[in-house]
Amino acid sequence: MLQKKIEEALNEQINAEFWSAYLYLSMSLHFENEGRKGMANWFRIQFQEEQAHALALIEYVNARDGKVILKPIAEVPSNWDSPKAAFEATLEHEKKVTASINNLYAMAEEAMDFATRQKLNTFIAEQVEEEESVRQIIDDLTLIGNDGTGLLQIDRELGSRTYTAPQL
Ligand code: MG
């Protein structure tokens with residue numbers, strides 16, 4: 001049985017993962033609208049990943065005989081000034097997610113809930129990958145600046161990415 005405060009914190013994290021999914025779907029739709037299909041594809045993959053994060057936490061709470069309560073998902077932005085602005089917003093958001101998972105980990109450790117702590121290990125590793133991947137795209141976008149050919153190339157590359165379910 002999960003301790004109440006851990007159960008609540010996990011529920012908050014589930015909501016945050018769904019909010020992330022919602023944010024990335026919004027970004028995907030924005031780029032679809034702008035005719036950047038590759039970026040739309042990349043954000044659509046992120047949307048799927050975030051749902052996988054939420055579902056993995058839901059399954060974990062259930063496995064521990066806790067109760068998942070789905071709360072409303074807050075509104076997300078729908079416009080970004082440039083591709084770089086959207087990817088920078090993504091990196092900033094992922095840093096916040098990393099901090100919140102770190103807090104959860106510390107809370108689990110303090111509560112001597114070692115099963116939750118262990119579950120979070122995969123999420124911590126996942127955050128390192130997410131941040132690194134977004135940082136790489138930002139670096140590429142910085143490098144090309146306003147070069148149309150470069151932007152097209154990045155868009156094509158991001159369009160070739162496919163979704164692989166994260167191992168959580
Ligand atoms: Mg996530």
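This briefing covers the magnesium site and selected salt bridges of the structure above. The model is predicted, so local features require pLDDT of at least 70 and side-chain atom pairs count only at pLDDT 80 or more, while totals for chains, interfaces and linings use all residues. Residues are numbered from 1 along each chain as its sequence is written, and side-chain values use heavy atoms, with hydrogens and water left out. Three protein residues, E17, E50 and H53, supply donors to the magnesium ion, and eight salt bridges are found in a search of the whole structure.

**Magnesium site**

- The magnesium ion has as its protein donors E17 (OE), E50 (OE) and H53 (ND1), which lie 2.1 Å from the ion; donors are N, O and S atoms within 2.8 Å of the metal (3.2 Å for Na, K and Ca), and water is not among the atoms, so sites may look incomplete.
- Along the sequence, the donor residues follow the spacing E-x32-E-x2-H.
- E17 belongs to helix α1 (residues 4-34) and E50 to helix α2 (residues 37-63), so this pair ties together parts that are 33 residues apart in sequence; helices (H or I, at least four residues) are DSSP runs, numbered from the N terminus.
- E17 is buried at 0% relative accessibility, and E50 is likewise buried at 1%; buried means under 20% relative accessible area, exposed over 50%, and partly exposed in between (1.4 Å probe, protein chains only).

**Salt bridge between K37 and E32**

- The K37 and E32 side chains form a salt bridge at 3.1 Å, N to O; the term denotes a side-chain nitrogen of Lys or Arg within 4 Å of a carboxyl oxygen of Asp or Glu.
- K37 is exposed, its relative accessible area being 57%, whereas E32 is partly exposed at 37%.

- K84 and E88 are joined by a salt bridge whose closest N and O atoms are 3.9 Å apart.
- Both K84 and E88 lie in helix α3 (residues 83-110), where four residues, about one turn of the helix, separate them.
- E88 is partly exposed with a relative accessible area of 36%, and K84 is partly exposed with 28%.
- A salt bridge also links the side chains of E92 and K95, at 3.5 Å from N to O.
- E92 and K95 are both in helix α3 and stand three residues apart, about one turn of the helix.
- K95 has a relative accessible area of 37% and is partly exposed; E92 is partly exposed at 42%.

Key. Helices (H or I, at least four residues) and strands (E, at least two) are DSSP runs, numbered from the N terminus.
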